[in-house]
Amino acid sequence: MSMSADCVLFVDDDADVREAAQQTLELAEIHVEVFADAPSALTRLRKGWSGVVVSDIRMPKMDGLEFLTEVRKIDADMPVVMITGHGDVATAVKAMHDGAFDFIEKPFDPDLFIDITKRAMSHRKLILENRTLKIELARHTKNASDFIGRNPAMEKLRTLIGNIASTNAHVLINGETGSGKEVIARNLHAMSGRAGPFVAVNCGGMPEHLIESELFGHEAGAFTGADHKRIGKFEFADKGTIFLDEIESMPLALQIKLLRVLQERALERLGSNRLQPIDLRVVAATKVDLRNASSRGEFREDLYYRLNVVQLHIPPLRDRKDDIPLLLEYFTRDAAKRFERTVNPVTAAEMAQFNAHDWPGNVRELRNAAERRALGLDPLASGNDSAGQSTSSLPQQVEAFEKGLIIEALREHGGNVTATVSALGVPRKTFYDKLTKYDITPAEFRQSR
């Protein structure tokens, strides 16, 4: 029988204690497996197992301290909670110095036992997530930075891109400013196998009197100042991919010409009567609802349906905050390398601030924040840039501040709960309630002093 993930492995040579612990944990809906001795329990452990260990100290065959040493050989980050009898606290303290997560005295209060166990499990989950994060981070390249993410919506998007990249289907990407639309388009092109280049055009950043010539090209003498032939963006992207960002900004007259290009797979340069065949894939991007825009007469409905063969939606960063640690780690490393700076790891207090922020500028804003941090500046303060100001509610900001204070106090006192409670001036029970609320584990700070 294989041991379940997210499980507690409980070891005690006293049958009554084992039975009581098993009942307590199962009532709390925590899966548990019990063992009468440490050697038997060791056979069930492996590196990367997602559970935690709770063990008595005084046991025959192998005592708890020896067991702790063996567990740490298997996985140094596996949380081990030690159980000690009355008057044996000194041994428990030694266990803490040797790497134990926490200890609890017999006879233990069931609520306290469950609380410590749950915090150990949360700590284990965090450790394993960080391992996965580092592995995934190593797999990503710089060009795919905005596409990093493990959020289910991003995983679904990544799968969809993989399914349609090698086809010639036109694609419409919908997403807010700074969400990474061009990165998605570049990924589509890179995975498509198309021999031609990737050509990006910002329809909203080009003067209306120049955009037609830029896109379609012109013959010499086509208009005043056209003293030589010019190859346009569409023709230059032949056999490749053209990315039309802010497609909603394209003038209606040019939308008609674009529709003709897509239908006939050919174009006419300005001043020419000859059709020029092209093999082109169009990836268009917009931050508005083009269907609604077409119903208002602001965008051609026939062009919308021609472009909307496949639609990809990029979720805003505020809806996938679980990706912030991975993205922040990547951008921080990149900025530190470019600026030739040594940057300290992101603290738990900083991460609480990043998570409380709404990120109206999305991934682009997060990248800028990482660069400011690498330069020693306040990452969430960007002068008069409104995208850098937090739009979090007052309760959210208060909670983020409170969590930061607790974390800094734990760091200052090396994870010592008694000293931290005294310094903060709060009741011990209130403090443990806050730890549970903010998913903070004191053991994380014992080696950081």
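Reader: Where in the chain does Trp-359 lie?
Author: This is a predicted model, in which local features need pLDDT of at least 70, side-chain atom pairs count only at pLDDT 80 or more, and totals for chains, interfaces and linings use all residues. Residues are numbered from 1 along each chain as its sequence is written, and side-chain values use heavy atoms, leaving out hydrogens and water. Helices (H or I, at least four residues) and strands (E, at least two) are DSSP runs, numbered from the N terminus. On that numbering, Trp-359 has its place in the loop between helix 14 and helix 15.

Reader: Is Trp-359 buried or exposed?
Author: Buried means under 20% relative accessible area, exposed means over 50%, and partly exposed is in between (1.4 Å probe, protein chains only). The relative accessible area of Trp-359 is 0%, so this tryptophan counts as buried.

Reader: Which backbone oxygen does the side chain of Trp-359 reach?
Author: Contact means heavy atoms within 4.5 Å. Leaving aside residues up to four places away in sequence, Trp-359 touches Leu-317, Ile-324, Phe-354, Glu-365, Leu-366, Ala-369 and Leu-380. At 2.9 Å, its side chain reaches the backbone oxygen of Phe-354.

Reader: How many Å apart in space are Asp-358 and Pro-316?
Author: Asp-358 lies in the loop between helix 14 (348–356) and helix 15 (362–374). Asp-358 has a relative accessible area of 21% and therefore counts as partly exposed. In sequence, 42 residues separate Asp-358 from Pro-316, yet C-alpha to C-alpha the distance is 9.6 Å.

Reader: And what is the C-alpha to C-alpha distance from Trp-359 to Pro-316?
Author: Along the sequence, Trp-359 and Pro-316 are 43 residues apart. In space, their C-alpha atoms are separated by 8.3 Å.

Reader: With which side chain does Asp-56 make a polar contact?
Author: Asp-56 is found in strand 3 (residues 52–56), and its relative accessibility of 5% is why it counts as buried. Beyond four places in sequence, the residues that Asp-56 touches include Val-11, Asp-12, Asp-13, Gly-64, Met-82 and Ile-83. A polar contact is a pair of N or O atoms within 3.5 Å; within protein, one must be able to donate a hydrogen and the other to accept it, and residues adjacent in sequence count only if both atoms are side-chain atoms. At 3.3 Å, the partner of the Asp-56 side chain is that of Lys-106.

Reader: What is the omega of the peptide bond that joins Lys-106 and Pro-107?
Author: Pro-107 has its place in the loop between strand 5 (102–105) and helix 5 (110–139). The bond that joins Lys-106 to Pro-107 is cis, with an omega of about -15°.

Reader: How many disulfides does a search of the whole structure find?
Author: Cys-7, at 0% relative accessibility, counts as buried, and so does Cys-203, at 3%. A disulfide is taken as a pair of cysteine sulfur atoms within 2.5 Å. For the whole structure, the number found is zero.

Reader: Within what arc do the buried residues of helix 18 fall?
Author: Helix 18 (residues 428–438) has as its buried residues Phe-431, Tyr-432, Leu-435 and Tyr-438. They line one face of the helix, because, seen down its axis and using the directions from that axis to the C-beta atoms, they fall within an arc of 140°.

Reader: At what angle do helix 17 and helix 18 pack?
Author: Val-417, Thr-418, Thr-420, Val-421 and Leu-424 in helix 17 meet Arg-428, Phe-431 and Tyr-432 in helix 18. Axes are lines fitted to C-alpha atoms, for helices over the stretch in contact, and angles run from 0 to 180 degrees between N-to-C directions. Helix 17 and helix 18 are roughly perpendicular because of their angle, given that under 35 degrees counts as roughly parallel, over 145 as roughly antiparallel, 65 to 115 as roughly perpendicular and the rest as oblique. Helix 17 (residues 417–424) and helix 18 have axes 10 Å apart, and they pack at about 105°.

Reader: What phi does Lys-61 have?
Author: Lys-61 has its place in the loop between strand 3 and helix 3 (64–74). With a relative accessible area of 72%, Lys-61 is exposed. Although it is not a glycine, its phi is positive, at about 70°.

Reader: And what is the phi of Glu-340?
Author: Glu-340 lies in the loop between helix 13 (324–339) and helix 14. Its relative accessibility is 72%, so Glu-340 counts as exposed. Glu-340 is not a glycine, but its phi is positive, at about 55°.

Reader: What percentage of the residues of the chain count as buried?
Author: The secondary structure of the chain comes to 18 helices and 12 strands. Of its 449 residues, the buried share is 48%.
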